[in-house]
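Here is a friendly briefing to read alongside the model. Please keep the sequence and the 3D view open as you go through the topics below.

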Amino acid sequence: MIGRNKSRTYWRVLKIDRLDPSELNIREDSTIYTESECSELLRRVHEGNISTGGLKFVTTCYGIVGFIKFLGPYYLLLITKRRRIGVICGHNVYAVLKSEMIPLPNSTVNSSINDKNEIRYKKLLCSVDLTKDFFFSYSYHVMRSLQKNLCNNDPDQVLYETMFVWNEFLTRGIRKHLKNTLWTVALVYGFFKQTTLSVSGRDLKLTLIARRSRHYAGTR
């Protein structure tokens, strides 16, 4: 998996080992590549695996939601489309427009992908529509209040363990392996609405945020 920054000056490689079907083995290449160096690396990998089909492009994504395993292989959950829904203190907030669940097959568990119980569990997960009522930000802690964010002394810290990060469990494995959150996004389940008002000839932005705790799921 290849990741880069917005200006395309910073390229990283994430390696997912599929040899052990029972464990999630993820490693981040410590090298920071340029675009040309990354292209050359992919070319060499493709040529070295041409006998088994080489590299095949799967999708473009905007963040990892997490990894999950039922009875068969692990699945990778990705945000493949996003939409900006607001700005807080100069930080963009996005909604999920489209997501994708990609299997990470292993030859020993490939057959279980079509198992009826595996299919049932996948359908249960897919019944959660990430395009409704989920939002996230790459640079702002939407899982915390404005007051706590203003008092925070570590702006680079992403607080996945807080009660309002919906995918805390799904990202636990990759965060444990990488010791960072560069590849994942912290999804908040709730409501986000931002609108511009005019009061006495002055424009102001009104933002309403509601967040549902992952510890207290259920009807409201």
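Buried means under 20% relative accessible area, exposed means over 50%, and partly exposed covers what lies in between, with a 1.4 Å probe and protein chains only. The model is predicted, so local features need pLDDT of at least 70 and side-chain atom pairs count only at pLDDT 80 or more, while totals for chains, interfaces and linings use all residues. Residues are numbered from 1 along each chain as its sequence is written, and side-chain values use heavy atoms, leaving out hydrogens and water. Helices (H or I, at least four residues) and strands (E, at least two) are DSSP runs, numbered from the N terminus.

**Salt bridges**

- Nine salt bridges are counted, each being a side-chain nitrogen of Lys or Arg within 4 Å of a carboxyl oxygen of Asp or Glu.
- Arg12 and Glu28 pair through their side chains at 3.6 Å, N to O. Because Arg12 belongs to strand β2 (residues 11-17) and Glu28 to strand β3 (residues 25-28), this pair ties together parts that are 16 residues apart in sequence. Arg12 and Glu28 are both buried.
- In helix α1, Arg44 and Glu40 sit four residues apart, about one turn of the helix, and their side chains form a salt bridge at 3.8 Å, N to O. Arg44 is partly exposed because its relative accessible area is 47%; Glu40, at 31%, is also classed as partly exposed.
- Glu168 and Arg172 form a salt bridge whose closest N and O atoms are 2.8 Å apart. Here Glu168 is buried, at 5% relative accessibility, whereas Arg172 is partly exposed, at 42%.
- A network of salt bridges links Glu161, Glu168, Arg172, Arg175 and Arg214.

**Nonpolar cores**

- A nonpolar core is a set of buried Ala, Val, Leu, Ile, Met, Phe, Trp, Tyr and Cys residues joined through side-chain atoms within 4.5 Å. The largest one here has 14 residues, and Val65, Ile79, Val96, Leu130, Phe136 and Leu187 have the most contacts inside it.
- Strand β5 gives the largest share, three residues.
- Another core, of 13 residues, lies apart from the largest one and includes Leu14, Phe67, Tyr74 and Leu104.
- Beyond its neighbours within four places in sequence, Phe136 has contacts that include Ile79, Tyr94, Val96, Val142 and Leu187, where contact means heavy atoms within 4.5 Å.

**Nonpolar surface**

- Ile2, Leu42, Val45 and Leu55 make a nonpolar surface patch of about 270 Å². Patches are made of residues with over 30% relative accessible area and no salt bridge, with like charges joined within 9 Å and nonpolar side chains (Val, Leu, Ile, Met, Phe, Trp, Tyr) within 5 Å. Accessible areas come from the Shrake-Rupley method with a 1.4 Å probe, and for residues only the protein chains shown count as cover.
- Leu42 is part of helix α1 (residues 35-48), and its relative accessibility of 33% makes Leu42 partly exposed.

**Cysteines**

- A search of the whole structure finds zero disulfides, a disulfide being a pair of cysteine sulfur atoms within 2.5 Å.
- Cys38 is in no disulfide, and the nearest cysteine sulfur, that of Cys61, is 13 Å away. Cys38 is buried, at 1% relative accessibility.
- Cys151 is exposed, at 62% relative accessibility.
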